[in-house]
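Here's a quick tour of one protein model, looking at its pockets and its salt bridges. Have a look at the sequence and the fold before reading on.

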Amino acid sequence: MTTARDAAGEKSLDFPEGFTWGVATAAHQIEGGNVNNDWWAWEHDPDSGTVASSGDACDSFHRWREDVDLVGDLGLTAYRFSLEWSRIEPAEGEFSLAALEHYRRMCAACRGRGVLPVVTFHHFTTPLWLTGRGGWEAPDAPECFARFVTRAAAYLGDLIGWACTINEPNVVGVMGYFQGQYPPGVKDDFFRFSAVNEAMVRAHRLAVEALRSGPGDYPVGLTISMAEITAEAGGESLRDAAEEVLENTFLRATAGDDFVGVQCYTRMHFGPDGQAPNDPSVPVTQMDDERWPQAVEFCVRRAAGISGRPVVVTENGIATADDADRIAFLSEAIESAHRCLAEGIDLRGYFVWSLLDNFEWHLGYGPQFGMVSVAPGTFERRPKPSAYWFGQVARANGLVTRRP
């Protein structure tokens with residue numbers, strides 16, 4: 001892993017041999033027709049505030065091979081996608097072999113293209129049969145999840161490259177039980193929020209045990225939503241509390257795991273009265289977040305320091321209609337990741353969110369995170385310049401930047 005500058009002022013950032021370059025998606029955001037989970041019900045509730053239904057999404061349940069081929073054609077080495085629990089276990093204790101076979105074919109196709117299948121077992125969506133009796137507040141929810149993981153891993157484990165148990169459990173809690181923008185739409189209930197956090201931690205630990213007991217031999221970890229959280233004068237205690245509740249609880253839950261997945265996009269501020277506004281001097285993305293690619297190194301350092309685990313950036317990207325700015329943002333983020341490697345941090349991979357422009361939860365189809373656009377009506381995949389640019393980075397296992 002080296003840094004070199006040539007006579008023209010170009011800087012070459014080389015990454016370690018075996019560094020993983022990937023792209024990430026989530027089942028509900030791209031598959032379409034996931035009618036049997038809590039998010040489908042939520043987005044069709046006129047009181048939820050969700051601006052659109054996921055509908056057919058990107059039709060990836062049927063066009064998954066196109067997506068895998070895109071990843072392979074670009075020269076990326078990994079594809080992170082999720083299993084839709086409500087397809088695999090549509091009723092409690094009833095498992096669909098057809099759905100399991102669908103995801104097995106995806107894993108096999110990735111392997112056939114030389115792409116590592118990175119499988120996430122829960123990415124925000126929960127079957128209606130479980131939400132009907134309390135969702136993650138049900139006393140046996142962690143055990144229900146572990147049963148699903150056990151069955152899925154028994155069918156797929158010999159093909160899995162890496163496994164992520166739960167995607168951003170901290171977001172499930174804060175958005176569903178504190179901000180009320182995700183199902184079940186509860187606001188400002190710290191007791192229920194804390195209980196769900198505890199359930200998610202237990203579910204993760206049970207899932208790790210299940211995955212390590214099944215076929216295959218692959219790294220297992222948890223992915224956590226993180227931000228560079230800063231404090232204005234008088235806001236230090238609130239910042240520390242936010243880091244503890246939103247991040248540290250889950251970082252400590254990775255003890256004994258093979259890696260921790262860091263998912264970071266921006267910076268947040270806390271003042272003496274709570275979360276403070278964005279810095280007006282910093283541009284914002286389509287998510288109204290600060291455009292802050294250097295959050296990568298801050299979050300990777302914190303994750304490594306608190307968890308003691310190897311780190312993978314399992315999501316990073318920008319919501320923008322300006323693809324040239326996407327390239328600039330990703331370039332700055334990759335430079336930020338490289339600085340962590342230069343410090344000796346065990347960083348093993350970097351995944352862009354996302355492969356496709358897709359359903360962005362309560363915000364519908366407005367934010368554009370994808371390196372590939374999807375044509376409405378026809379679902380035609382149209383790679384943007386950023387896709388080819390990132391493919392070149394992956395093939396070179398390094399980045400060339402022209403900034404002085």
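Let's start with how open a residue is: buried means under 20% relative accessible area, exposed means over 50%, and partly exposed is in between (1.4 Å probe, protein chains only). With 33% relative accessibility, R113 counts as partly exposed. Keep in mind that this is a predicted model, where local features need pLDDT of at least 70, side-chain atom pairs count only at pLDDT 80 or more, and totals for chains, interfaces and linings use all residues. Residues are numbered from 1 along each chain as its sequence is written, and side-chain values use heavy atoms, with hydrogens and water left out.

**Salt bridges**

R113 has a partner: its side chain meets that of D73 in a salt bridge, at 2.8 Å from N to O. The term stands for a side-chain nitrogen of Lys or Arg within 4 Å of a carboxyl oxygen of Asp or Glu. This pair joins distant parts of the chain, since D73 sits in helix α3 (residues 60–74) and R113 in the loop between α5 (97–112) and β5 (116–122), 40 residues apart. Helices (H or I, at least four residues) and strands (E, at least two) are DSSP runs, numbered from the N terminus. D73 is partly exposed as well, at 48% relative accessibility.

How many salt bridges turn up in a search of the whole structure? The count is 31.

| Pair | Distance |
|---|---|
| D73 and R113 | 2.8 Å |
| D279 and R267 | 3.7 Å |
| R326 and D323 | 2.8 Å |

D279 lies in the loop between β9 and α11 (295–307) while R267 is in strand β8, so this bridge ties together parts that are twelve residues apart in sequence. D279 is partly exposed, with a relative accessible area of 25%, whereas R267 counts as buried at 12%.

R326 and D323 are both in helix α12 (residues 323–342), three residues apart, or about one turn of the helix. R326 is buried at 1% relative accessibility, and D323 is buried too, with 11%. Elsewhere, E89, E92, R133, D140 and R147 are linked in a network of salt bridges.

**Pockets**

On a 1 Å grid over the protein atoms alone, a pocket is an open set of points where a 1.4 Å probe fits, with protein on both sides within 12 Å along at least five of seven lines, and lining residues have an atom within 4 Å of a point.

The largest pocket has a volume of about 1300 Å³, a volume being the space filled by probe spheres set on the grid points, which are joined across faces, edges and corners. It is lined by 48 residues, and the closest to its centre are V171, M175, S225, M268 and D289. Which element gives the most to this lining? That's β8, with six residues. Among the other elements that supply at least two residues are α8 (169–177) and α9 (190–213). By class, the lining has 26 nonpolar, 14 polar and eight charged residues; Ala, Val, Leu, Ile, Met, Phe, Trp, Tyr, Cys and Pro count as nonpolar, Asp, Glu, Lys and Arg as charged, and the others, Gly among them, as polar.

The second largest pocket has a volume of about 280 Å³. Of its 18 lining residues, D38, T131, Y177, P183 and P184 are the closest to the centre. Helix α2 gives the most to this lining, with three residues, and α6 (128–131) and α8 each supply at least two.
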